[in-house]
Amino acid sequence: MNWLETDTENCPVRRTLDVVGEKWSLLILREAFNGVRRYDEFRHHLGLSEAVLADRLRKLVAAGLLRSEPYREPGARTRHEYRLTRKGVDLWPVLLALKQWGDTHAAEPEGPVLDIRHGGCGSPVRVVVQCEGDERAVLTPRDVTVRPGPAARPRRTG
């Protein structure tokens, strides 16, 4: 079975996009990675409507990418902070790869908006695709082969 004969309904890219494929969802996650926790902070920094923000936060919590934690300022009602879960943190390389692509292909002339560096040595951080074999080679799309995996199903025709 080759790619064109494979059913794409159960594709993991498709399932991931069902969860985070909307622009505001990824931007909310970007904010969370940069320390934003509270609803008003998200709304003011992103500039999106309350209805859209509430909907996206609800979906990200339901998908298990964020968790909602109550807090209460003195004299105010209980509100919620939004914190990344382990599942949410696992999306960090995806967001970093999008930033990396944007810095290369859609950058401001002055340079990157965010300068992400390793806390230990101060060197810039990059996302790479790496072979898990002994060589640990950095790969390009031309260096790999793709074949159907165990969950692949034949494409339905008709």
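# Chatting through a predicted model

Me: Good start. What is the mean pLDDT of the protein?
Reply: The mean is 93, with 99% of the residues at 70 or more.

Me: And where is confidence lowest, and where is it highest?
Reply: Helix α1, residues 12-20, has the lowest confidence, with a mean of 93. The highest belongs to helix α5, residues 86-89, at 98.

Me: Let's do the fold. How many helices and strands are there?
Reply: There are six helices and two strands. Starting at the N terminus, their order is α-α-α-α-β-β-α-α.

Me: Is the protein a compact globule or more spread out, and why?
Reply: More spread out, because its radius of gyration is 20 Å, well over the 15 Å that the globule rule gives for 158 residues.

Me: What box do the C-alpha atoms fill, then?
Reply: Roughly 65 × 50 × 30 Å, taken along the principal axes.

Me: What share of the residues counts as buried?
Reply: That would be 22% of the 158 residues.

Me: And of the contacts with a separation of 6 or more, what share comes from residues 24 or more positions apart?
Reply: Those account for 48%.

Me: Let's zoom in. Where is Ile-28?
Reply: You'll find Ile-28 in helix α2, which spans residues 23-33.

Me: Does it count as buried or exposed, and why?
Reply: Ile-28 counts as buried, because its relative accessibility is 0%.

Me: Nice. Which residues does Ile-28 touch, leaving out those up to four places away in sequence?
Reply: Its contacts are Phe-42, Leu-46, Leu-53, Arg-56, Leu-57, Leu-60 and Leu-66. Taking Phe-42 as an example, its C-alpha is 7.0 Å from that of Ile-28, and the two are 14 residues apart in sequence.

Me: Now over to Asp-55. Which helix is that in?
Reply: Asp-55 belongs to helix α4, residues 50-62.

Me: How does Asp-55 count in terms of accessibility, and why?
Reply: Asp-55 counts as partly exposed because its relative accessibility is 21%, while the cut-off for buried is under 20%.

Me: How far apart are Asp-55 and Thr-78?
Reply: In space they are 19 Å apart, C-alpha to C-alpha, and in sequence 23 residues.

Me: Last one, on charges. How many positive and negative ones are there, and how far apart are their mean positions?
Reply: There are 26 positive and 22 negative charges, and their mean positions are 4 Å apart.

Technical notes:
Residues numbered from 1 in each chain as written. Predicted model: local features only at pLDDT ≥ 70, side-chain atom pairs only at ≥ 80, totals over all residues. Heavy atoms only, no water. pLDDT = per-residue confidence, 0-100. Helix = DSSP H or I, 4+ residues; strand = E, 2+ residues; numbered from the N terminus. Buried < 20%, exposed > 50% of the residue type's maximum accessible area, 1.4 Å probe, protein only. Rg over C-alpha atoms; globule rule 2.2 N^0.38 Å. Contact = heavy atoms within 4.5 Å. Lys, Arg positive; Asp, Glu negative; His and termini not counted. Charge placed at Lys NZ, Arg CZ, Asp CG, Glu CD.
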